[in-house]
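Hello,

Here is the structure I promised to pass on. My notes on the sheet follow below it.

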Amino acid sequence: MPVSVIPSFDRHGPETPASPVVLSVPHAGRDYPLPLRAALRVPLASLLPLEDRHADTLALAARGAEMLLIASRARAWIDLNRAEHERDPRIDEGAQPLSEGAMSLKLRSGLGLVPRRAGGADLWRRRFADEEIRQRIERDHRPYHAALAAALSATRDRFGVAVLLDIHSMPPLATGGARIVIGDRFGRSAAARFIGRIEGAAHSAGVRTAVNTPYAGGHVLDRHADPTSSVHAIQIEIDRALYLDRRRDQPGADFDSAATLLRRIIDAVADEALPLVAAAQ
């Protein structure tokens with residue numbers, strides 16, 4: 001039986017791509033299935049720091065004709081920005097045993113395929129059976145990535161180039177820090193021309209940016225980017241204070257301005273892709 005009647009992700013946009021830009025929001029899901037809630041050792045509200053709160057609402061407000069994928073299932077259930085093998089042996093019976101030194105920094109900190117910690121607290125009252133995690137991979141993780149791969153393939157086939165913008169949100173950085181962090185896996189996942197256009201769109205709105213620090217992108221970029229085959233992928237981390245209320249819970253007074261900025265970023269990336277589109281035609 002399905003763990004929830006809510007689909008694990010929603011797809012927005014035309015079947016035939018109308019833009020070289022594809023949008024993805026993998027961490028804004030607010031569906032917390034009953035088995036997840038039953039396994040918690042902390043209040044459900046303790047999982048909220050894992051959410052990119054209302055990043056999906058922001059992306060929907062900014063979207064034009066672009067294809068957009070939005071995960072519905074909560075990140076606490078399964079993290080779509082982690083690879084299938086990033087399973088935490090401290091909570092996952094099917095995970096490969098690893099020494100502390102052999103784990104990635106994310107896995108050591110409790111942010112594996114199924115997060116173990118949030119807000120400094122251990123989340124689960126029990127370990128998960130191998131089959132439980134395999135079902136989450138098969139029902140939620142793989143379908144999302146298959147749909148995203150299909151969207152990027154169709155976009156490249158039509159335009160000769162595809163650019164994925166993977167939309168996330170972040171807590172405010174230190175005073176005077178960047179309000180938007182652009183991740184391109186240190187130059188591996190996208191051409192520099194796209195990064196420059198995103199920076200330009202943000203700076204023209206008076207918004208400070210950083211590149212790859214402290215967020216360089218994760219599994220979504222590693223899995224789907226292939227610049228040598230004209231598929232570029234960029235992670236966009238947006239300061240939640242730019243679009244949420246003071247409680248960081250609901251869209252705030254500046255939400256429309258943030259949506260307009262994200263729209264400008266999408267337009268700038270699409271405009272930068274136009275010469276590549278023309279060359280492919």
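Two strands count as paired if DSSP finds at least two bridges between them. Helices (H or I, at least four residues) and strands (E, at least two) are DSSP runs, numbered from the N terminus.

This is a predicted model: local features need pLDDT of at least 70, side-chain atom pairs count only at pLDDT 80 or more, and totals for chains, interfaces and linings use all residues. Residues are numbered from 1 along each chain as its sequence is written, and side-chain values use heavy atoms, with hydrogens and water left out.

The sheet is open and has 7 strands, in the order S1-S3-S2-S6-S9-S7-S8. Its pairing is mixed. S1 (9–12) and S8 (209–211) are the edge strands, each pairing on one side only.

Now S9 (residues 231–239). S6 (residues 162–170) pairs with S9 in the parallel sense, over 9 bridges. Ile 167 stands opposite Ile 236 of S9. S7 (residues 180–183) runs antiparallel to S9, joined by 4 bridges. There, Ile 180 has Ile 238 as its bridge partner.

S9 is mostly covered, with 9 of its 9 residues buried (under 20% relative accessible area; exposed is over 50%, partly exposed in between; 1.4 Å probe, protein chains only). In a regular strand, side chains alternate between the two faces of the sheet. Both faces of S9 are covered. One side has Val 231, Ala 233, Gln 235, Glu 237 and Asp 239; the other has His 232, Ile 234, Ile 236 and Ile 238.

Arg 11 stands opposite Leu 69 in S3.

Best wishes
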